[in-house]
Each structure stands twice: as structure tokens, then as C-alpha cells.
Amino acid sequence: MDGQPMAPPEDPAGVLGEVSLTALRAPAVRRLLALRVERRLSREHVRLAGECLGVSERTVWRWLAEASRSPRAAIRPGERSGERFEITRDVTEH
């Protein structure tokens, strides 16, 4: 190591596993929110967090927006609520 920061792995899930990546979401979101409060949050922070967690930059921005509105979303970023619309046979029949 020459003191240079390492690039995130090509496949973070292959290195850490999906369970670990999911567990790391909340601490990452909390840190990014803290940077926002300090007025130090940058697009690069969000991009790097996304790369390390194996998600897109847009996904991380969405997690931050949701966490800003709901403390529960900050605890479990990216968790889907049970309130999803589902296309059923009744919906598709006229």
C-alpha cells in the first residue's frame, strides 16, 4: 500500500455478502446525514457509498431523502414497506 485510497471492489456483494452490505446501509446513511448537517456532504461521498454498498448513486440519494423524512427509513435504508401496489387478476380484468 502506497498510502493511496483503495478503489471499491467491482462486486461488493462478492467480497462481503448481501447480508453484510444490507447491514452497512444504516451506518453509511447516518454518516452521510451527519455530513449533510455539517454542510460537508458531496456528490462524491454519495457516489463512493453507493459503489461500496453495491447500489447506484441515485439509490443512495433516495435513501437519504427517505431518512430525512422518516427515522425508520434511517434505521433500515432501502427496506420496502408492505404497501406496494400489486397487479392482480382483478386489476387486469375489465
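What share of the 94 residues in the protein is buried? Buried residues make up 24% of them. Keep in mind that this is a predicted model.

**Stop 1: the whole chain**

Show the protein as a cartoon. You will find six helices and zero strands. Follow the sequence and the pattern reads α-α-α-α-α-α.

**Stop 2: the core**

Select Val29, Leu32, Val60 and Leu64. The largest nonpolar core has 14 residues, and these four touch the most other members. Colour the helices next. α2, α3 (43-53) and α4 (57-69) each supply at least two residues of this core. Which helix gives the largest share? That is α2, with six residues. In soluble globular proteins, nonpolar side chains tend to be buried together.

Stay with Leu64 and display what surrounds it. Setting aside residues up to four places away in sequence, Leu64 touches Val29, Leu32, Leu33, Arg36, Leu41 and Val46.

**Stop 3: Arg25**

Select Arg25, in helix α2 (residues 18-37). Is Arg25 buried or exposed? Arg25 is buried, yet it has no salt bridge. The nearest side chain of opposite charge is Glu18, 5.6 Å away. A salt bridge needs the charged atoms within 4 Å. Now show the contacts of Arg25. Beyond its neighbours within four places in sequence, Arg25 meets Leu53, Trp63, Pro77 and Gly78.

**Stop 4**

Zoom in on Leu16, which lies in helix α1 (residues 12-16).

**Stop 5: Arg39**

Check its backbone. Arg39 is not a glycine, but its phi is positive, at about 60 degrees. Most residues other than glycine have a negative phi. Then look at the side chain on the surface. Arg39 counts as exposed because its relative accessible area is 79%, and the cut-off for exposed is over 50%.

Note on methods: Residues numbered from 1 in each chain as written. Predicted model: local features only at pLDDT ≥ 70, side-chain atom pairs only at ≥ 80, totals over all residues. Heavy atoms only, no water. Helix = DSSP H or I, 4+ residues; strand = E, 2+ residues; numbered from the N terminus. Buried < 20%, exposed > 50% of the residue type's maximum accessible area, 1.4 Å probe, protein only. Lys, Arg positive; Asp, Glu negative; His and termini not counted. Contact = heavy atoms within 4.5 Å. Core = buried A, V, L, I, M, F, W, Y, C linked by side-chain atoms within 4.5 Å.
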